[in-house]
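Try each task yourself, then follow the solution step by step.

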Amino acid sequence: MAVALHETVSDAGGTASVPVIDLQPALAGAAAERKQVAREIADACKTLGFFYIAGHAVPDDLIGRHFEIAEQFFALPIDEKMRIDGTKSGAMRGYEPVAAQTLDVGTAPDLKEGYQMGMEVTEDHRWFKAGMGKTAINLWPERPEGFRDHFEAYSEQMIGLARELMQLISLSLDLPEDYFDKPMETPMLETRILHYPPKPAGAPKGQLGAGAHTDWGMLTLLLQNDVGGLEVAGPDGGWIPAPPVPGTFVVNMGDMVPIMTNGLYKSNSHRVQSNTSGRDRYSAPTFVDPDYETRIACVPSCMPASGEPLYPATNIGDHVQAMFDKTYGKG
């Protein structure tokens, strides 16, 4: 059963909770258990579009190493990090200095720095030829040692986890379990490490670690260290903290999900408060989407009787690229 681990009074005076869902029964493969976990996912997606997952089978040592890599990379001198400055590459690759991105357009830039990589491609790859920034050539730092090997191993784990979740989401929508298997054979992936330094004196009023936004694609899988700050928009207009829970990922639905479910499942706004803990906050979001060329449209089980869904169909790659341009000031 899903466990409502964090029930919080929102700013508007209501209550809401982010559930923790144990994937282990589903990973064991029994049909009845998989359907039960799928029902729990459906409940979470209909309300907040956010849930924690435990029992995910991602090795603890790999997760621990991910945070070690993040700390070591961001501790490098700024000149060394800027050798792989991703803001000049026109793509979602490489280092992102503090305040390079503004997720909530019209507000102060986000108080964070990051590194991002994606599926490794060459210049003759169809995605690269299509000009999709999310599928460009990766920029790898020379330090820390083993950085690239670790990121590639971690990415493979995230793809496997995303494929499992997409099968459970299919079941949750009364679709065949393999409904999304084909577009997930060659998924798009962007995985990031983010560093939220302590908020400096003199920071602009209202500046956040990450401004309020929804995610652009299909699935987000988030690790966070023990310094909190993530908040999820509640149904009554308040903000619900989603603090770190040991041994879990935070999972949320992106903007493609309401399109394919006719609004049944939510892509919910979230933000990260400025870091006033006095310690460094690290998080690691991974975004996994179906193939760049996948057409996203209302699935049969969610099609209204009128035959006219709320949202027009879209191409996932074009949408993600447009959002990238918008939040990095390129469009």
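**Exercise 1.** What percentage of the 331 residues in the protein is buried?

*Solution.* Start with the kind of model: this one is predicted. Next, take the cut-off, with buried meaning under 20% relative accessible area. By that cut-off, buried residues make up 55% of the 331 residues.

**Exercise 2.** Find out how confident the predictor is, and where pLDDT stays under 50.

*Solution.* Then go to residues 1-14, where pLDDT stays under 50. For this stretch the model has 41 contacts beyond four places in sequence.

**Exercise 3.** Compare the span of helix α2 with the expected one.

*Solution.* Count the residues: α2 covers residues 31-47, which gives 17. At 1.5 Å a residue, 24 Å is expected. From first C-alpha to last, α2 reaches 25 Å, close to that value. Now look at its buried residues, among them Val-37, Ile-41 and Cys-45. Finally, step past the helix to Gly-49, whose phi is positive, near 75 degrees.

**Exercise 4.** Describe the largest pocket and its lining.

*Solution.* Begin with the volume, about 220 Å³. Of the 15 lining residues, Gln-224, Val-245, Pro-246, Gly-247 and Thr-248 are the closest to the centre. Two or more lining residues come from each of α3 (60-74), β8 (219-224) and β11 (249-253). Last, sort the lining by type: nine residues are nonpolar, four polar and two charged.

Methods: Residues numbered from 1 in each chain as written. Predicted model: local features only at pLDDT ≥ 70, side-chain atom pairs only at ≥ 80, totals over all residues. Heavy atoms only, no water. 1 Å grid on protein atoms, 1.4 Å probe; cavity = no way out; pocket = protein on both sides within 12 Å on 5 of 7 lines; lining within 4 Å. Points joined across faces, edges and corners; volume = space filled by probe spheres on them. Helix = DSSP H or I, 4+ residues; strand = E, 2+ residues; numbered from the N terminus. Nonpolar A, V, L, I, M, F, W, Y, C, P; charged D, E, K, R; others polar. pLDDT = per-residue confidence, 0-100. Contact = heavy atoms within 4.5 Å. Expected span 1.5 Å × (residues − 1). Buried < 20%, exposed > 50% of the residue type's maximum accessible area, 1.4 Å probe, protein only.
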